[in-house]
Amino acid sequence: MTKNTRKPLFFSKTEWFIFIGLRNFVMKILCTLIMFLLSFGLFGQEPIETNVIIGQVKDADRHLPLQFVTVSLQDINTSELVGDVTNKEGKFELSVPNGKYYCIVESLSFQPFIIQVLSIQQGMDMGTIELEQNSEKLEEIELIAGNKLVDHNLTKKIYNASKDIANIGGNAVTVLENTPSVKVDTQGNITIRGNTALILVDGKPYGGQRSNADVLSLIPANTINKVEVISQSAKYDAEGGGAILNIILKKRSNEGYNGTIEAHVGLPDNDGVSTFVNYKTDKINMYSTVSFNHQVMIKDTEIQQIFLDDMQEPTGNFDQVRSDYRQRNSFLINLGSDFYLDEKNTLTTSILYSNANKNYDSELFLNDFQPIEELIKSTYRKVDDNSDEGFLEAYFQFTTKFNSEGHQLSADIKYDNSLADNQTDILNTETFPDSDVTEQKYVKDENVDNFYIKADYTLPFNENTSFEAGFKTNFRNYDNDFSSSNLNRLKSLFEPNANFTSQIDYNENIYAFYANYSKQVDKFSFSIGLRTEITKTTISEKSIEEPYINDYEDIFPNALLTYSFKDKNVISLGYTKYIDRPTISELNPFNSFTDERFILLGNPYLQPYYTNYFYLEYYHEFEKISLNTALFYSNSTDRILNVLEKTGLQTSDGFDIYQRIPINNGTLNYTGLEIEATYNPTNKIRLYGLISPYFSQLSETRDNAYDYDNWVFYGNLRLLYRINNTLRLNIDYVYQSAQKTAITELKAFQYTNLNISKDFWGGQSTLSLKINDVFHTRKAQFSSLEANTITQRDFIFDTQFLLSFSYRFNKSSRRNSHNRTKDMEKNIFEVKDPLK
């Protein structure tokens, strides 16, 4: 079976396939050679002599050593950055060549210690550096080694995505896949501890109400600074789960300009280029992202079905072999700016446009046997699925700060529009027992308009007590026009199929109000909030005589209690209630089908369902280990459950025809444990592990036919080895045990990803090689028993090789020297030679 490869007009078909074959062969040789050279550190500059810099950091008030303090030296000429983290005794050690460096010593709870120019010509002892307490937020600084990948505080967990080499050459989905506690399945669903996640980008929804993996894949990873895993709060939308994932894009905090240019090439095709540029003055901060990507994913699927009679005896079987060639070309441009009107007022604007062109081509070989092993029909099917998708977003925010620290008011306005045009052509060629050809065409046009306006007000009563309140109004309109037609060969034209044509219009208006109160008393702190949402929906479809109107009001409470021990150890207890509203496809009453035996129906009378989510979390830092443990439980009632019903009709082959329809039915209980640990045995090695056993139980379904209970174990292990200051190796291993429901089972799977990167030109550029699914073991194996049919479905994507090159540029304004805290205003720092 040949893969469907698009060819340009300049080559013949034979020449094109020869070219593709040579290209793939050269790519494999190149990736292997580069990996070999990188592993032995043969790329880059010749080793140069370095100087050892040592010192100790203490608390200025208590005069006690401080652990986990970051010490960074950045070469003023090349911008190369070298860092270390203090040990239990507050000591650090760095190795750098001769030169002049910008030095910063920082920790989350202290003011940074900064030296503008530190001249190093030999080994140095910087003596004792004392840091003063400070609650102000520090500037973001990227480190290439020795830094924690995950930071914890009272209300959120921060994944420092820009410091993880596993994200090089990827996109926002890659970043989320590497974010602790987050899972992205093969359908693009993003969950945290079994709950659907609410995805934000810079604090606002991206790509519509509920961002999915397909939309997020347009954001290049090199533009992402970090991901915040935030405990649910009344401030955020109630739809989306027990936690919020807020993707923070990069912005410069100091005056001047900086940026990144990244290019990558992959096998199968994953070729692209992206740029990020940021320029800041004392009056304005401007930033932009431009990216283009061409990607091909190759998927091989095998399906086997055995048909049973009412006595559960086999009556026939069906085999399908399928090959999918998924090509996608995407483009994104984002322009944004922060206007500093004065010291208290800021206006933020941004406009984003993205476009994706998809060409999904499939080849299927289908064989029907009846009875078992006796071939009655053989068919070759070719599917050409093409779509163009566009997205436009405009955003404005005005923020004003009052005299008191933290006292502020912000107002946001956002509009976005999504357009999608899709056409699918299906060619069926029956090869046995007769020769027959049929053609079908499906055309779908989608349009989504989304507009919201909101305001957030924060009033601190004192440094330990604050009050938040706000409102949000959201309007969404969805239009979908779907038509199907069959080719009439006698007339040489496509005739519409009236039974498979749909026009749907959906309107959703949500009016939300919230209030939140937070207070800290010594080591205790608590936060309680309440959110009210008034929802009004209308759905109309040509098969419905009158539009269906569904209006409802909800109250969503949440609470968080924390206790802080010494040495950054924290225990938290949280509760939240959230809502899951039905999707458009679940509401659309239009008929569609996966094959002639199964009809899919939407249900316009579906209601949302609600989840109560509880968690207990404890974070502890040891000398070289940080440990985070969480116990969580959620309960959902009247969930949206897809049930199968007989229609009373049969196919031409005598098989019963079923319809699948979503209903509100069943109660799901979800209980789990999550243990996450980071271990730094040396400043060259970082080990990360996450294990999560959890138990799910669905009960009270229709006739108990869909009831189940199931234990699942999930584990993730990562190794980062810093061979030297410029060469790093990362190995990522994932395992998940089997998942079972009443009618389906997903067998256990495991896979390993490998990353190796090398810095050049004083840290200004990085060459990286990434291999996804190194051993080609990420195979999804599904089995099911429903509608008197046993189905076995297996599929796997090809192993992917990705070679990336990035170049970083950075130039600071001279004005910065007047704005730095602890500016020593010295050209040479007097230190002791440790060798004397």
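**Rings, sheets and totals**

Author: This is a predicted model. Phe614 has a relative accessible area of 39%, so this residue counts as partly exposed.

Reader: Which ring is paired with Phe614, and is the pair stacked or tilted?

Author: The partner is Tyr575. The two ring centres are 4.8 Å apart and the planes stand at 35 degrees, so the pair is tilted. Stacked would need planes under 30 degrees apart.

Reader: Where do Tyr575 and Phe614 lie in the chain?

Author: Tyr575 is in strand β30 (residues 570–580) and Phe614 is in strand β33 (residues 609–621). The pair therefore ties together parts that are 39 residues apart in sequence.

Reader: How many aromatic pairs are there in the whole structure?

Author: A search of the whole structure gives 20. One of them is Phe451 with Phe475, with ring centres 6.5 Å apart and planes at 15 degrees, so that pair is stacked.

Reader: Which strands hold Phe451 and Phe475?

Author: Phe451 belongs to strand β24 (residues 436–462) and Phe475 to strand β25 (residues 465–488). They are 24 residues apart, and the pair links distant parts of the chain.

Reader: Which residues form an aromatic cluster?

Author: Phe524, Tyr563, Phe565 and Tyr618 form one.

Reader: Which charged residues sit over rings?

Author: Arg326 lies over the face of Tyr360, 5.5 Å from the ring centre. The charged end of Lys441 is placed over the ring of Phe494, at 4.4 Å from its centre.

Reader: Changing topic to sheets. What holds the strands of a sheet together?

Author: Strands of a sheet pair through backbone hydrogen bonds, in either a parallel or an antiparallel way.

Reader: What is the order of strands in the sheet with β3 in it?

Author: The order is β3-β2-β5-β6, an open sheet of four strands with antiparallel pairing. β3 (81–85) and β6 (113–120) are at the edges with a single partner strand each, so one side of each has no neighbour in the sheet. From one strand to the next, the twist averages 20 degrees.

Reader: How many bridges join β5 and β6?

Author: Six bridges, with β5 (residues 99–106) and β6 running antiparallel. Tyr101 has Leu118 in β6 as its bridge partner.

Reader: How many bridges join β8 to β9?

Author: Three, and β8 runs antiparallel to β9 (residues 156–159). Val150 is opposite Tyr159 in β9.

Reader: Last topic, the chain as a whole. How many helices and strands does it have?

Author: Four helices and 47 strands. Of its 836 residues, 50% are buried.

Reader: What share of the contacts comes from residues 24 or more positions apart?

Author: They account for 64% of the contacts with a separation of 6 or more. The accessible surface of the chain is about 39900 Å², and 55% of that belongs to carbon and sulfur atoms.

Definitions and conventions:
Residues numbered from 1 in each chain as written. Predicted model: local features only at pLDDT ≥ 70, side-chain atom pairs only at ≥ 80, totals over all residues. Heavy atoms only, no water. Helix = DSSP H or I, 4+ residues; strand = E, 2+ residues; numbered from the N terminus. Buried < 20%, exposed > 50% of the residue type's maximum accessible area, 1.4 Å probe, protein only. Contact = heavy atoms within 4.5 Å. Areas by Shrake-Rupley, 256 points an atom, 1.4 Å probe, with all protein chains shown as cover. Pairing = 2+ DSSP bridges. Axes fitted to C-alpha atoms, helices over the stretch in contact; angles between N-to-C directions. Phe/Tyr/Trp six-rings, centres within 6.5 Å; stacked < 30°, edge-to-face > 60°. Lys NZ or Arg CZ within 6 Å of the ring centre and 35° of its normal.
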